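Subject: Structure handover

Hello,

Here is the structure I promised to pass on. Please open it alongside this email.

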Amino acid sequence: MTERAPHRNPWLMLAGFLGVVAVVAVVGGLAATSARAVYARLEQPAWAPPAALFGPVWTVLYVTIAVAGWLYWRTDGETRGFAAYGIGLLFNLLWTPLFFEGGAAGLALADIVLLDVVVVVTIVLFGRRSKAAAALLVPYLAWILYATALNTAILVLN
């Protein structure tokens, strides 16, 4: 008879999820050292938020993204859900360097559209096992859809 391997300490796993998401945030932050200056130089739609809003919003969203992953893990989440989650973190990580440091608003737009799709897939997959994990990703989806519209408008205006 095979025994199931014991679960890792859930609090250590939460710290792990927070750590992985923090790496994404830090890499994005390092790639955004000139973001305020670049953002200020761009022609923007009237509904563009002030640059100072991005830091606080992303801080909250990154915490909810980490907690969502952890809640999904606690349900013995399946590999497809974690694959979508990881791919979403990769697309998230790529957007800032593409847009701000690479000056590639078109590539950044393609990246964020893919991120939108992956987050929807992640919400669906997480929702099959944890409604709370899926719900925690909804504000993230709303923000990146807004960012997609903003990226599109900036691309058109510039």
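Below is what was found, from the whole chain down to single residues.

First, the ground rules. This is a predicted model, in which local features need pLDDT of at least 70, side-chain atom pairs count only at pLDDT 80 or more, and totals for chains, interfaces and linings use all residues. Residues are numbered from 1 along each chain as its sequence is written, and side-chain values use heavy atoms, with hydrogens and water left out.

**Overall fold**

The chain has 6 helices and 0 strands. Helices (H or I, at least four residues) and strands (E, at least two) are DSSP runs, numbered from the N terminus. The order from the N terminus is α-α-α-α-α-α. Along the principal axes, the C-alpha atoms fill a box of roughly 65 × 25 × 20 Å.

Of the 158 residues in the chain, 41% are buried. Buried means under 20% relative accessible area, exposed over 50%, and partly exposed in between (1.4 Å probe, protein chains only). The accessible surface is about 8600 Å², and carbon and sulfur atoms hold 72% of it. These areas come from the Shrake-Rupley method with a 1.4 Å probe; for residues, only the protein chains shown count as cover.

Now the contacts, meaning heavy atoms within 4.5 Å. Among those with a separation of 6 or more, 78% join residues 24 or more positions apart.

The chain carries 9 positive and 7 negative charges, and their mean positions are 8 Å apart. Lys and Arg count as positive, Asp and Glu as negative; His and the chain ends are not counted. Each charge is placed at NZ of Lys, CZ of Arg, CG of Asp or CD of Glu.

**The core**

The largest nonpolar core has 43 residues. Such a core is a set of buried Ala, Val, Leu, Ile, Met, Phe, Trp, Tyr and Cys residues joined through side-chain atoms within 4.5 Å. At least two of its residues come from each of α1 (10-30), α2 (35-41), α3 (54-74), α4 (79-101), α5 (105-127) and α6 (131-157). The largest share, 10 residues, is from α6.

Ile65, Phe126 and Tyr140 have the most contacts inside this core. Beyond its neighbours within four places in sequence, Ile65 meets Val21, Tyr85, Leu89, Leu137 and Tyr140.

Asn92 sits in helix α4. Asn92 is buried, at 6% relative accessible area. Leaving out residues up to four places away in sequence, Asn92 touches Val24, Trp58, Tyr62, Leu115 and Tyr140.

Leu93 is also in α4. Leu93 is partly exposed, because its relative accessible area is 22%. With neighbours within four places set aside, Leu93 is in contact with Val24 and Val27.

Thr148 belongs to helix α6. Is Thr148 buried or exposed? Thr148 is buried, with a relative accessible area of 11%. Its side chain reaches the backbone oxygen of Ile144 at 2.7 Å. Apart from neighbours within four places in sequence, Thr148 contacts Leu109, Ile112, Val113 and Asp116.

Val156 counts as exposed, because its relative accessibility is 67%. Val156 and Tyr146 are 10 residues apart along the chain, and their C-alpha atoms are separated by 15 Å.

Over to you.

Key:
Polar contact = N/O pair within 3.5 Å; in protein donor to acceptor, adjacent residues only side chain to side chain.
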